[in-house]
Amino acid sequence: MAYSKVTRLDYRRPQSGSKSSLCTNTVMVVFIGLCLAVAWAMTSSRKLPVIISSSDNSSDEISSQFGDISTESSMEDSAQEGDFNTEPKVVFDDSNSDSTDSGDGTSEKMVQKTQDGEENQNDTENEEKSDTETTKVEQSVTEESEEDQGSKSKSNSNSKAEVFPDGAQSEILKETETQNGAFSTQAAESKNEKEMETLNLSQDKMKSYKWKLCNVTAGPDYIPCLDNEKAIKKLTSTKHYEHRERHCPEVGPTCLVPLPEGYKRSIEWPQSRDKIWYNNVPNTKLAEVKGHQNWVKVSGEYLTFPGGGTQFKHGALYYIDFIQQSYPDIAWGKRSRVVLDVGCGVASFGGYLFDRDVLTMSFAPKDEHEAQVQFALERGIPAISAVMGTKRLPFPGRVFDVIHCARCRVPWHIEGGMLLLELNRLLRPGGYFVWSATPVYQKLPEDVEIWNAMSALTKSMCWKLVNKTRDKLNEVGMAVYRKPMDNKCYEKRSENKPPLCSATESSDAAWNISLQACMHKLPVEPTERGAQWPYQWPLRLEKAPYWVESQVGVYGKQAKKDFEADYELWKRVVKNSYLNGMGIDWSKVRNVMDMRSLYGGFAAALKGMKVWVMNVVPIDSPDTLPIIYERGLFGMYHDWCESFSTYPRSYDLLHADHLFSKLKKRCNLLSIIAEVDRILRPGGNFIVRDKVDMVNEIEEIAKSLHWEIRMIYSKDTEGLLCVQKTMWRPKSRE
C-alpha cells in the first residue's frame, strides 16, 4: 500500500510589514489551505493509520477518555518471605472532575490501523511496504498559559477530542503495577521460584531477528513442554504417566510452528461446536476408534461432532439434563457454575453445558486418543492438555462446584486413593463428584471389586453417596457424591486414613507440587473461604466474595473496594475501547486468554459475549485465582517462561496487561513472543498494555513476524498495542 508523505501544519506569528504583504501572505495561506483540504478530501476515503500528539495543555482534556486511574510514585516493598518485588500501588480516583493538571509535560500518541475492503490486495510490493511504513498526520497545538488552563470549558474539551478516530476512545489502564496485598504468589506457595539468568536482547537484534520454522517430530501440533523427546527418553518410569506430564526445554524455543497444509480460519461459534475444518486438525484415528460412540466423524472437508460420548451416545445435552433430574440440587447454571471434566475426550460435555450457563474446564492427556483436546479447542470449547500423574493440577484448592468423570480411565482407588484425594483438594466444600463408569452399573468381577474399593475410600473421605441411578436410554449408570462442608465427620473417624494434611501445607500450592495422599481440613471460621457456598450465578460474578472483606487488595485498598473498582474499570475499557475502537471483528472471537489476570475483571466485562476466557495467574503474581473462581469464572496458574499446555492455534485473542515488563527480568522475551505466536490463531488479535518502551519493543518483534499493527497508543510512560497475526510463516527450518 502506498502512503502519502507526512503533512505538518505549522502556525506561526506573521512578520511585521506592509498591509499588502500581509494580504498577499494571507491569500497564499488561504490558497495553500484550500489545496491541502482538497488533497485530504481526495484521500479521505481510505482508512490510514493516524498518529496524534498533543501538548501539555490538551492532553489533560483528552485523557478523560482514557480512564481515571493514577499511579503513586512509590510503594513500600513487602517484607514477607517469598514475596516478589512489588510495584507502585494504584489509587482509584472516584471523582468525576473535569479539572486539568498544571502542565507537567504529559503527552499522548495514538496510531490506529483499520482495514479497507478495497485495499490493493493484489499489489504485493505495496503490501510489503505496509509492514514498515506508517502515514503520520501531526497536529500542533499552541501552548496556553497556566491561567487559561484553569478556565477551559467542557465543550472546548469535547471539540478537541473530535480529532481522534474511533480507536482513541480507548482507555489506558495506567495501573497494573500492583502489590500483593493479602495475596501471596503461587511461586511462594509452591516454593518453586527458579533463579534464571536475565536474557535481554536489544531492540536492534529484535529488528534483525530471522525467524525459522521448528524442526520437530510433532510438526504443526508441537507443544514444547509435552513434546520434549529428549527429556522423556531419560525418564526411569512411566508407571504414573510421567511421560504425559510437563517436561519443558531448558531454553524456551524461539522457532515458529508451521501451519497444517490447507489451514483455514476456524469456523465461528456456535457452528464450530458441530463441525470444524478437517485440514485444521487432520487426524482421523479418533473417528475410527470412537465414531460408533458419536464422538467425531469424517464428513468431506469437515470433521463433525454429533455431541455424543462413551457414556452419552444419544447426546450430551440429554445426559446433562439426566444428571440434574437425578439430583436436582446440582442446579446447573445457578448453584453449579464452574465444572472440572476429567478425561474429557472431545469435550462435548463441556461444550453443551454452555447451554445451561455452566463453564467447564476440560482436560485430557496428549495420548493415543490423538488430538482430543485440539478438537475441543478448535470447536470453541475450553480445554487443556494435562494428566493426573505425579503432580497436582494447576488449580487452587476448593474452587470447583462439580467434578465430572465419564469413563475417564483414572484408577481412583489405588495407592491410598492418591488421585481421588487430588479431586478432594480441588472440590469446593459441599461440591459434587459425578462418576459415570462401568463399576457403577456393571456386575463383572473387576467392576464389583472397584466399586467396593471406591465405596470404602469415599466413606473414609467423608464423601456422601447422595444418588446412584441408571440411565436406561444410554444404558449406563451414575453415582453422585457430596463433599462435606465442615470437619465434623473427619473428627469422628475411627481411623485417620486417609490422614489429614499438615496445617502448614497449603491446598492452593499447585505449581510443580507432587501429589499427597492426605486431606486438608475444611474451613472453621465463617469468614474463611469455603465456609459458605458462593452467591448463585450470575450474582456471584459481580459481588465481591464475602471472605475478602478484611483483606488488603492488590491495588493497596480494602479488597472489596479493589474488586469493585477493578470491575468497573474493565467494563469501561472493554466497552469504550476493545469492542469498538480497535477494529476487532468480535464475531470471529471465541477462545480468549487473559495472560495476566488479577480479579478476572477483563473476563467479567465480556459477559454477554459469545466468548470464554482462560484467566492465567502467573506464578509470580498475587494469587487471586480463588477470587476468579468464586465469581464463576475459571483459570489456571502458569509460568510464562515456559510454554502453555495447549495446542498451537488455540486462541482467537490474547490479552497481556503489564505482563512483559516483569517477565523480561527473568525470561527470554523472544521465546515468550514465539509462544504467543504458537498459541494465537492466524487472524487472531493480541492486545498488550505495558510500559511504552516494552510496547515499542513488542511492536518491532510483531513487525518482524509480519503481523499487522492495528493500533498503538501511548500516554506518558504507558502504552497500548493491538496487533493481528497473519498467515505468514518463514520458509527455512531450524
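Predicted model: local features only at pLDDT ≥ 70, side-chain atom pairs only at ≥ 80, totals over all residues.

Q: OK, what's the strand order in the open sheet of three strands?
A: The order is 7-9-8, and the pairing is antiparallel.

Q: Which strands stand at the edges there, and why is one side of each left without a neighbour?
A: Strand 7 (275-277) and strand 8 (297-299) stand at the edges, and because each has a single partner strand, one side of each has no neighbour in the sheet. Neighbouring strands of this sheet are turned against each other by 30 degrees on average, with direction ignored.

Q: How many bridges join strand 8 to strand 9?
A: Three bridges join strand 8 to strand 9, which covers residues 302-304, and the two run antiparallel. As for facing residues, serine 299 stands opposite tyrosine 302 in strand 9.

Q: Now the open sheet of seven strands: what's the order?
A: That sheet has the order 12-11-10-13-14-16-15, with mixed pairing.

Q: In what sense do strand 10 and strand 11 pair?
A: Strand 10 (residues 338-342) and strand 11 (residues 359-364) pair in the parallel sense over five bridges, and valine 339 stands opposite threonine 360 in strand 11.

Q: And which strands does helix 10 touch?
A: Helix 10 (residues 316-326) packs on the sheet and touches strand 13 (400-406), strand 14 (427-436), strand 15 and strand 16 (476-482), its direction making about 130 degrees with that of strand 15. Helix 13 (residues 418-426), for its part, lies across strand 10, strand 13 and strand 14, and runs at about 135 degrees to strand 14.

Q: Switching to disulfides, what does the count come to?
A: The count comes to six disulfides. With bonded cysteines counted along the chain, their pattern is 1-4, 2-3, 5-6, 7-8, 9-10, 11-12.

Q: Which cysteine is joined to cysteine 214, and where do the two lie?
A: Cysteine 214 is joined to cysteine 255, with an S to S distance of 2.0 Å. The link is right-handed, with 95 degrees about the S-S bond. Cysteine 214 sits in the loop between helix 7 (203-208) and helix 8 (229-233), whereas cysteine 255 sits in the loop between helix 8 and strand 7, 41 residues apart.

Q: Is cysteine 214 buried or exposed?
A: Cysteine 214 counts as buried, at 1% relative accessibility, and cysteine 255 is buried as well, with a relative accessible area of 6%.

Q: What about the link of cysteine 462 and cysteine 489, is that left-handed or right-handed?
A: The link is left-handed, with -85 degrees about the S-S bond. Cysteine 462 lies in the loop between helix 15 (445-460) and strand 15, and cysteine 489 lies in helix 16 (residues 488-492), so the pair ties together parts that are 27 residues apart in sequence. At 9% relative accessibility cysteine 462 counts as buried, whereas cysteine 489, at 32%, counts as partly exposed.

Q: Last one: how far apart are the sulfur atoms of cysteine 641 and cysteine 667?
A: Their sulfur atoms are 1.6 Å apart in the model, and the link is left-handed, with -50 degrees about the S-S bond. Cysteine 641 is buried, with a relative accessible area of 16%, and cysteine 667 counts as buried at 2% relative accessibility.

Terms used
Residues numbered from 1 in each chain as written. Heavy atoms only, no water. Pairing = 2+ DSSP bridges. Helix = DSSP H or I, 4+ residues; strand = E, 2+ residues; numbered from the N terminus. Axes fitted to C-alpha atoms, helices over the stretch in contact; angles between N-to-C directions. Contact = heavy atoms within 4.5 Å. Disulfide = S-S within 2.5 Å. Buried < 20%, exposed > 50% of the residue type's maximum accessible area, 1.4 Å probe, protein only.
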